[in-house]
Amino acid sequence: MGHRSPTVVGRDYEIGVFRSALDEVTRGRGQVLFLTGEAGIGKSRLASVATDLAYVANMSIMRGRGSAMSRTIPFRCLNEALLSLQRMGTTIDIDALGPYRPALARLNPDWGTPADDTSSGSLILLAEGVLRLTELVGRSGGCAVVVDDLQYADPDTLAALEYVIDNITHQPTLLLGTIRDEDCDALRFARAASRRAAATMLELKRLPRRDVAVLAGVCLGDADGSPAELPEAAVELLWAGSVGLPFLVEELADEIVSQGRLVRTDSGWTMGETTSSSPPPALVQGIAARFDRLGQEAREFVSVAAVIGLRFPLTVVRDVTGLDYRTLLRHMQSEPVAHLLGPDPHTPDWYLFNHALIVDALLTLLPERTQADLARQAADAVESLHPGVPGDWCHLCARLRETAGQLADAGALYAEAGRRALAQGAAQSAVTLLDRSLELLVHDPARRFEALETQLLALTEAGRMDQALTIGATFDEVSANLDRVHRARLHTRLAWAANLAGRTDDGLAQVRIARALLGPDAAPEDSAPIDVVAAHLELDQADPGRLERAEATALRAATIAERIPLPEVACQAWQLLGALTKRHDPRRATEYLEQSRAFAIVHGLPIWEIHALVRLGLDDALRDGDVARLEQARDLASRIGAVVARYQSEVNLGLQLVLRGEFAAAGALIDDVSSAAARLGLLEIHQFMLVLRAILAGHRGDRVDLVAAREQLSGLGGDLSQHVPRLHGLADAFCSLLEEDQDGTRRDLAAALTAEQAIPTTFHLTGRYGLDLLLRALEGTLTRAGYQETIASPSAGFRWDNHFALLADAVLAGRQGDLERAEAALAESQRVGELYPMARHLGLRLVGEAAARDGWGSPETWLRAAELYFHNAGVPAVAGACRAQLRQMGLRIPQRRSGTHEVPDRLRVAGVTVREYEVLRLLGDRLANNEIAAYLHVSRRTVEKHVSSLLAKTGLANRLALSKLATSALGHKQ
């Protein structure tokens, strides 16, 4: 067994920083530390010290290591960190992770089914899940996340850690990473975080000579832990050979003892007689000497392991060497080999060398031809033992094939690893893997095409649109040996990238190239993907006919994709059709969406099923006010970690909350989703929530918040023309109504309808089929023929619009003297508008004035109900308008005096005053008029007037009935 120091020497400053950071964490302030330095400087040893300190502080510990097997294994160190929680017995309430549990299931399959989300945002969702997990496990005492060897981390892991760093400030978490001081992405990432004061960077330096002496003394100390006093000559040799590198100090101390250069005697350590005047061998020479002492079997075993890498599976070594487990274990337990490697504590049946420098030294001892031969045998063993090379085996096999010089096979394996990384949502890692694949497949056109096609999709999902579009310049070189069909597929991918980048003209140009390559007789399976892209690009055209063209193109794609089948193309096309056809054929639109959902279920596409369910739920909510399917979609999305789909459902749920007058719940939902969308970079969701914030402000009559929401929306940029009709019709116009600004309402509605006419959108509830009809009816500019023509539109009839349309029908009928129709339409509007209390009472206020003028219905009752509602809602302009109209009708209006809120609503609507209610309550106690007068300090005659007024307003026959009403009112106050 080698001589190793049981303690850390010469790092008091760094340990002090650890202690300070842990103190900050216990106060709820997250900390980020990076330990950097050259190989062997002691980074991992210091990280272990920090881990021990965190353990003593009763923190939860998560520890992982970057994979030396390949820098492109997505999230390897995060995977180990999560699994370490279970190994340490940490109790985790995984249900508390909510919608982020499926994202984390990628790293720990025991936590459920991994999220099937290949969007570019899935990387951020995983990072958010890690952040939530550290907060969850650190609630009682904090959490320490220690990640070794970040220089091996893949780009997606670094991106996830950057997100964690930027959001760790206000939770009790310490993130500590170790990075080798070499040119790598991880070191640049750490330095950038340090420059912006998001992390503290500790750059470890080599030990001075005095600390080298202390470290060697500790390594060679007595059994009781006391350090040894070493001869000056030994210290000089150690200093000269290690130059202050702790790893080499320990290695060389062990080396000079094993060679007899330093000997323990009864009086202590002394230099041996065989000591030469020359310095001890360098590390490579020491490793070489140790290697040479091995037998043939052990040497072959160590050679194969070194070719595989820092970590290696014993099964592969056994297959290559032909040695049985018993023999391999015997060699590993032998003194020379035990100095080089040992079991990997993180993964059963895997082993690892004690340091990367050992692997480097061993490889210098092996001729390149030997390395290539061993790598080929190891790759064959991997493929034999693990058919299809699942998971990390694919990365390992790719690297081994590359070392063996089998470049085409290595390129194909890197391409497969890239496709798998993309399916996991690790787009950045996919790009890196596919880049390497393309470099190796220069002489294999067919495989190179497949890799390039996937690379275009990976770049698009990673948000690297410019790079994806730049690939177009290399198409001639890449596609020289490809047929037209394959070249067209590349241009279709490029068109989709241009669409997502907002470069419509470039996208349309690529579609034209793809169509030209396929020619007029293109096979259906080749034309359908182009049609789907072309349909989406049509939506970005400025002319009014774009919706019709997009619909026709999407219908063609859907028909073909269903027949072949092309499941994803079919689902995508049907859902686009569902949005496009709703304006002229709502029933058919719903059928398209049902088709999409059924097809997604049959072909195992859960994310497309949820997207269909969101759109179907929106149909239900618009048509009937039923939100059951929207809630179902939200719950399913949460269950599988489809966060974007969840937020899309909540956008629609939020609108329904506003329309229903549940303003507090709507505000809370908007705040929650807006914050998450901004943090996750979901721009479209963020825009929708700001539109919803403006609508909420409008329905609260809050002009200041409405303007602020519009300004914030404008600041986000992008094409906002699709939102203009709703902003004017559902936010501005409603706010103007609550301000009793009739002229402003007409201007707002006119702006909404003009914008909708100029650039039709797939959104609804802009006022054309509801509020506009009512206001025109009240103004006298709406004819019966015009009304019938408008409501006959397929876009009419949504429940919100229908409420206002029925009120318009009632006004028209009342003006024409058709009282029966007017009252029936009014009654039906109240039933339809039951879900929307503010809109219903606003309608009563508007129609009450017309009914009073035209002599129909119960305008007094309607106006009193509206006045009470808006008084309680804090909308004084409408409440005041109701009172003014009642006065014009010659009716007495009760004062809004102290205690009004105690009067039950049904009595307030009947006009019962606070004083009359006081009398009514005393009648319930069976008091006579003179007793009531004495109690209230008024005259008996005043009490008699109040009783008479109560009988008139309630319609009751006598004093006994009033007493019974008093008992009921007191027992069941509304």
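How many bridges join β2 to strand β3, and which way do the two run, parallel or antiparallel?

Author: In this predicted model, β2 and strand β3 (residues 143–148) are joined by 6 bridges and run parallel. In general, strands of a sheet pair through backbone hydrogen bonds, in either a parallel or an antiparallel manner.

The two strands belong to an open sheet of 5 strands, whose order is β2-β3-β4-β1-β5 and whose pairing is parallel. At its edges stand β2 (60–65) and β5 (200–203), each of which pairs on one side only. On average, neighbouring strands of this sheet are turned by 15° against each other, direction ignored.

Some backbone details elsewhere in the chain may also be of interest. A cis peptide bond, with omega of about 0°, joins I564 and P565. P565 is placed in the loop between α27 (546–563) and α28 (567–580).

Because its relative accessible area is 35%, D349 counts as partly exposed. For E740 phi is about 60°, and the residue is found in the loop between α36 (724–738) and α37 (742–758). E740 has a relative accessibility of 22% and is therefore partly exposed, since the cut-off for buried is under 20%.

Methods
Residues are numbered from 1 along each chain as its sequence is written. This is a predicted model: local features need pLDDT of at least 70, side-chain atom pairs count only at pLDDT 80 or more; totals for chains, interfaces and linings use all residues. Side-chain values use heavy atoms; hydrogens and water are left out. Helices (H or I, at least four residues) and strands (E, at least two) are DSSP runs, numbered from the N terminus. Buried means under 20% relative accessible area, exposed over 50%, partly exposed in between (1.4 Å probe, protein chains only). Two strands pair if DSSP finds at least two bridges between them. Axes are lines fitted to C-alpha atoms, for helices over the stretch in contact, and angles run from 0 to 180 degrees between N-to-C directions.
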